[in-house]
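Please keep the model open while reading.

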Protein chains: 4
Amino acid sequence: MINFQIDYADGAHPDILAALMKANQIQTEGYQTDEYCQLAKQSIQKHLNALESEIYFLVGGTQTNLTFISHALRPYQAVLSASTGHVATTETGAIEATGHKIIEIISQDGKISLKQLEQTYNNYDGFHKVEPKLLYVSNPTELGTLYSKKELEALFNFCHQHEMYLYLDGARLGSALAASSNTMKLSDYAKLTDAFYIGGTKNGALFGEALVINHPSLQHQFYLSMKQKGALLAKGRSLGIQFIELFRQNLYFTIGQEANEMAQLLKEGLKTLNFSFLVETETNQLFPILPNSLIDYLHQRFNFLIWQAYDDTHSVVRFITSYVTTKQDVYELLSAIIQFKEKNALH
Amino acid sequence: MINFQIDYADGAHPDILAALMKANQIQTEGYQTDEYCQLAKQSIQKHLNALESEIYFLVGGTQTNLTFISHALRPYQAVLSASTGHVATTETGAIEATGHKIIEIISQDGKISLKQLEQTYNNYDGFHKVEPKLLYVSNPTELGTLYSKKELEALFNFCHQHEMYLYLDGARLGSALAASSNTMKLSDYAKLTDAFYIGGTKNGALFGEALVINHPSLQHQFYLSMKQKGALLAKGRSLGIQFIELFRQNLYFTIGQEANEMAQLLKEGLKTLNFSFLVETETNQLFPILPNSLIDYLHQRFNFLIWQAYDDTHSVVRFITSYVTTKQDVYELLSAIIQFKEKNALH
Amino acid sequence: MINFQIDYADGAHPDILAALMKANQIQTEGYQTDEYCQLAKQSIQKHLNALESEIYFLVGGTQTNLTFISHALRPYQAVLSASTGHVATTETGAIEATGHKIIEIISQDGKISLKQLEQTYNNYDGFHKVEPKLLYVSNPTELGTLYSKKELEALFNFCHQHEMYLYLDGARLGSALAASSNTMKLSDYAKLTDAFYIGGTKNGALFGEALVINHPSLQHQFYLSMKQKGALLAKGRSLGIQFIELFRQNLYFTIGQEANEMAQLLKEGLKTLNFSFLVETETNQLFPILPNSLIDYLHQRFNFLIWQAYDDTHSVVRFITSYVTTKQDVYELLSAIIQFKEKNALH
Amino acid sequence: MINFQIDYADGAHPDILAALMKANQIQTEGYQTDEYCQLAKQSIQKHLNALESEIYFLVGGTQTNLTFISHALRPYQAVLSASTGHVATTETGAIEATGHKIIEIISQDGKISLKQLEQTYNNYDGFHKVEPKLLYVSNPTELGTLYSKKELEALFNFCHQHEMYLYLDGARLGSALAASSNTMKLSDYAKLTDAFYIGGTKNGALFGEALVINHPSLQHQFYLSMKQKGALLAKGRSLGIQFIELFRQNLYFTIGQEANEMAQLLKEGLKTLNFSFLVETETNQLFPILPNSLIDYLHQRFNFLIWQAYDDTHSVVRFITSYVTTKQDVYELLSAIIQFKEKNALH
C-alpha cells in the first residue's frame, strides 16, 4: 500500500535519528532541565527573533492544545474555533474534558474571517453565557488552506482589543512556511499570536511539538500545568535533541518544502485530469472530489482518507504528502487514476 | 557529575535505539494500529500468560496513571493510596485535576497493609463522602520496598470483595522483578491486579509504559480516554518497536537486574561504613541516613536527592542506580565517603 | 412595568407558601431523608404510574441538568442537543465544566427530528471523536414548541437501539401538559425517557425541580453526585413540602393551564393585528416578529426579551406568561400595540 | 425523638417566613438582580463596614465552597485545609471534582496553627507539586472551636506574604459571633479574609448563604461561575428577602445567641455529671465522651451523631443545638442521662 493517508507514517527523518543516536550515552537531568533543551530553546528564540518568548516541548498536538488551553483559561471562559478545527473535531472532547466550551464558527475552508469572529463574539454577553477568551486557529488549517499575514493581523488585533488570546495550532507549520503563497515568516508568529506551536510530529520528528508562549502572564507556572496533564516527558532531552537538529540548519523548512512539492505535483496532475477540489490549497494536503467507484479502485493500492460525501456518487478525499513521499508514489497514483478513467470512460 | 539522582538520565538502551533505527524507514499506520504495536502486545500477553488482557502503550507514568484512573472512575469515586504514593506526592494534582479525591493512608515504608486498607475503607460511607473505588499501589514502592505475593493477594482479595479495583504502578517493575527477595512473577501481576503498567522509561526505553488492563469492563473505549487525555501517540509505532525489543529476549529483566546489582553493591559498602537506612530495600533505590556535612561534600561531584530531614544534623538521601551505573561510579561514591569520614573523623 | 419577561417573577403560589408555613415548626431530618420528601416521591411515582422510578429534588434547572448529566456519562461521552437547547445556550458552559462536549444539532424550532439525530449520530465514530451517549431534549422546547408522543417515541427508540440515554428537561413541563395540542400524558414521560425533570421554579414553586430517574443503573449513587455538586439541599424538606402541594390535587396542572391561557389570549390578539411569529406555539411562550420602533415603545411599560434580530427593522421578541399574568396585563399590552400602530400607521 | 443531631431541622425562623410571605405577590427580576437582593447586599456591606466588598447569595454551604474555590484557583493550585475541614471530610469530593487537590493538615481541635501552615507550605515547591494557593478555615470549626482574632490575623498575614488567599467557611458564623470568648466582630471578617460566607441555613434561614468577597480580583465574573455551577437561584429574591430580615435588626445574632445558650446549659449539666469532652467549645456544638451503653439508651429518644470511637467502650458524640432547642429539650436529655447512670451505677 502506498501512503497518502498520514504525514507521520515513518519513524523520523534520518538526521534526527542520527542526532538522538549521537547523544544517547550522555547522561542529563530530566524534565527539560537538561542542556539539549536549553540549546533548542535558544535556537528557536533566535529563529523567532523573540528572546522573551518561552519555549516548552511536548509530545503531541492534542496534548499541547489541551495543556495550553486549560492553563490559559478561567473555568467560565471558552474557546472560539472554526467548526473544522482540530480541537472541535478530532480530539475526543479533550478541551471540554478540561472544563471549557468550544464555540464553533461554521467554516467551509477551515478559516475564520474577522467578520465571523466579531459576530460570534458579540453573541456572548451576560452571566448565562460563557466568556469567549481564546481564539484557536490552525495554520495551515485542517483543510490545508492558509491565513495571510493581513488576515491573521486582523484577528490578532480584534483579540487584543477584546482581551482575548490568539492561539495558533502549527501541527503542519513547516508546510505553511514553505507554501508558495505564504506571507507569514516564522518570526511573524511570535508577533501575531499569544502562543503557537511548531509541529514536529508531522514534520520529520520522531515525536514532539515546540510550544511558544509569547504572552508573559501565560508563561507563569506552565511547567506545573505540563506535569499535571502528564505532558512533561521525563527524558525531556529527546525533545531538545530533535528540535536542535530541526533548527540547526534548514531541516524544518526543507521537510515542509519537500512535502508541499509532492502535493503540488499531484495537484497539477489531478487538474490536468479535470478533477475539481473542495478548496484550493498550496500546502501538503489536497481535497479533490472523486467518483466513489474510483475511490474504491484506488483503495486497493493506496491509503487515503474519505473526507466527506460530496453527492450521491462522489466524495471529497484527502491526499496528504510528506517528505517521504516520492515522485514515484505520485506518478503511481496518477497512473492508477488514468487507468481507471480509461477503463470506465469516466466523464 | 556522577548521577545517582535519576534512573532515566540516558537516552535509551543501545539495543532499543538500534531497533528504532532498523524500522525507521518503514511506513505504518498511526495511533498504535500498526503491526509493531500488535506484535508488542502479543509478546507481552504471552509473557503474562494472559491473552484476554489488553495492552496499551503510553508515553509516561503520570500520563498513564491519570488516563487510566480517570477512565475507571465515576465522578463520585476516589482513589486510596499510600501517603508516599506517586499519585499523591509528585504528580502536581494530576488525579484531582480529573475530578477525583485521593484518600491518603499514612505509610512509613511506602506500603499499605490489609489492616490499614480495611480501616480506611470503613470510614467511608454515606452520601457526604466519596466512594473508595480504586486502590493504587506501586511495586516497588516509591521507597524501594516490595510487596510480597501474599501481601498483594490479600489486598486484591479485599478489593474484589468490596467491588474495588486494584491498580499497580510499575514504573520500576523491572527492578521489582529482579530483586533477590521478589516473590511476584510477571504473570502474577495479570492475576492479582485489575490493571498495572510495565514501566519502560525507567528501565531502558527512550520513553514509554505498557499499560495492562486485565479487568474486561475497564478495557471498553480506553482508546477514547487515551486520545482525550493527549496520551495516544500519533507515531505509536515507536512504542511498539521498543517494547518488542524489551521483551524479545530478556532485556527488560536484565536491565532491572543490572540496576539492582549496582544498588546492592552500594548498599553493602554503606553498611560496612555503618550507615543506617530509612527502609531496607533490595531494588535500585537506597535511602541511607547521612550527616548533612557529608551530603554537602558529596554534592560537589555526585547528583542525588535529599529525601527528607532526619534530625538536626542528618538527612535521608536517595541514591538511585540504573543499568548505566557502573561499578566505577559506585566505588567513586564510596571512596568519596571514606575520604570525608577520614578527614572529619565521622563517628 | 408589566412583566412578560420571565415566568418566575413572583415568590410562590399562595397554596405552596401556606404549606411551607404550616409545616414550618415541625422538625425533620435533613437532606431529603425526611417524611415530606418521602410523601412527595410517592405522590409523584403514583402520578407517573412508575413505582420503580426514583425521584430526587433539586433547587434549579441548570443544577439539575449538570448534576444528572455528569452522573450519567463517562469522561469520553457527549451530549446531543438542539442548538437552541438550554444546556447549549444559557448555562455558562455548565455541562462542559463537568467535562463533557455538547454536540449541537442545528434547529430552527427548538426540536430535533429523528433524521437529524441519525445523521449526527452517524458522524461520530472512532477514537478521535467523543461517543454520543445522551440525547438532551426539552419539552416544551426553549422556543415553546412541543414534541408529539410519536416524535418522542421515535427518538427514544433510536436512543435505546444505540445504547444512548434520553434525558428530557421539563423546566416548563406544566405548560406542555396543559397545551391544547399536547399528546403526552405525565405518565408517558416515565415510559419514553431515561430521566426527566418536572420543573417547579417556572410553575409556581418558590424553587425546586423534581428529577425522575427511570433507568435503574442511573439511580445508583445519585445522592453522592448531588452532594458533590452542591445540589443536595440541607433543609431538603422544603422541596418535599412544595411538591406534595403541587401534586396533592391538580395545582401543578392548573398553574400550567393558567399560564397557557394568557399566552393564547395574547397570541389571538397579535394574530388579529396581523403579526407573524417565528414559530407557532401553544404553550406559555410566544415569539412574534415586531418592528423595532414598536419594541422600543413597549419597553417603556413592559418587560420582555428581544430574542433575535429578524431583519434590519424587525426583531423576534419573546412574550412569556405565567399563572400570575392577568387578562388585564394582556389587554394592556395589546392596547399599547394598537395605540402605537394607529399613531404610526404601521403597515 | 428530640433533635440534637442537626441545627437545621426546622423550616425557618418565623420572622423570615413572614418576610417571604409579605413580599410574595410582588414581581421582581430574576437572578439576584432584584431590589431585595440589592437591599440585602447594602445591609451586609454596612454591617461589615466594607462597601467595596461584594456580596453574593447562594443556596447551601457545599455549593458556596465549591463555587468560590473553583472560581479562585488556577488548575495547578491547591487548597490547604485542616484534616477536619468540611471540604476535606463531608462534601463528597466536591472540591476535587472541580479539579483541585486539598492538602490536609492534621488537626485534633479543628484549627490550623501558624506553625503548621508554615511547615506544610514549605513542603510544596517545584513542578512536581501543586501550588498551595488558598487556605480554607472554618469559624467556628467543625469541632465547635474558635479562632481568636490574633490567630486569624497571623494566618491572614502569612497568606498575604505568600500570595495565598484566606477563605473562611462561616456555616455557623452566628454561633461564633455570639460565643462568650469570641474576639472577632463581624466587620473583622471583612478585614482578615479574602472571602468568607455568612451561613444562613444553620442560623434560621429557610436556606441561603451570603458569600462576601473582599479581594477585588476575585469578584470579577463571579456571577458566571455561579451560573455555571448551578448556584444562581432563578428566584434569587428569596435569598435577598431572608438576609434583609436576618440583618434588619439583630436576628442573625440572637439566633446564634440562643443556640449557644442551650449548648452551654447542656455543657454545664454534663460537666456536673463528670463527663469529659473531646474539645472545649463555647459554641452550639458539644463533643462529650459517653459510654456506648449510654449512647444506645439515649438513641431511643434523642437524635444525635456518633462522632468517633474513643476507646473500646466509649465514643465521642456530637450534641448540637439551635434556636429551636428548648430548655425542656436540654433537661430531658440530662434527666435521661442521670436516670441511666442511676440504673447502671456508671462510674
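## The sheet of chain C

In chain C, 7 strands form an open sheet with mixed pairing, in the order β2-β8-β7-β6-β5-β3-β4. The edge strands of chain C are β2 (54-58) and β4 (102-105), each pairing on one side only. On average, neighbouring strands of this sheet are turned by 25 degrees against each other, direction ignored.

This is a predicted model: local features need pLDDT of at least 70, side-chain atom pairs count only at pLDDT 80 or more, and totals for chains, interfaces and linings use all residues. Residues are numbered from 1 along each chain as its sequence is written, while chains are lettered from A and ligands numbered from 1 in the order in which they are written.

Strands (E, at least two residues) and helices (H or I, at least four) are DSSP runs, numbered from the N terminus. Two strands pair if DSSP finds at least two bridges between them. β2(C) runs antiparallel to β8(C) (residues 209-213), over 5 bridges. There, C:Tyr56 stands opposite C:Leu211.

| Helix | Strands touched | Direction angle |
|---|---|---|
| α2(C), residues 35-48 | β2(C), β8(C) | about 125 degrees with β2(C) |
| α6(C), residues 114-122 | β3(C) (77-82), β4(C), β5(C) (131-138) | about 135 degrees with β4(C) |

Contact means C-beta atoms, placed from the backbone, within 7 Å. Axes are lines fitted to C-alpha atoms, for helices over the stretch in contact, and angles run from 0 to 180 degrees between N-to-C directions.

## Chains A and B

The same surface serves both: 100% of the contact residues of chain A recur in chain B.

Methods
Contact = placed C-beta atoms within 7 Å.
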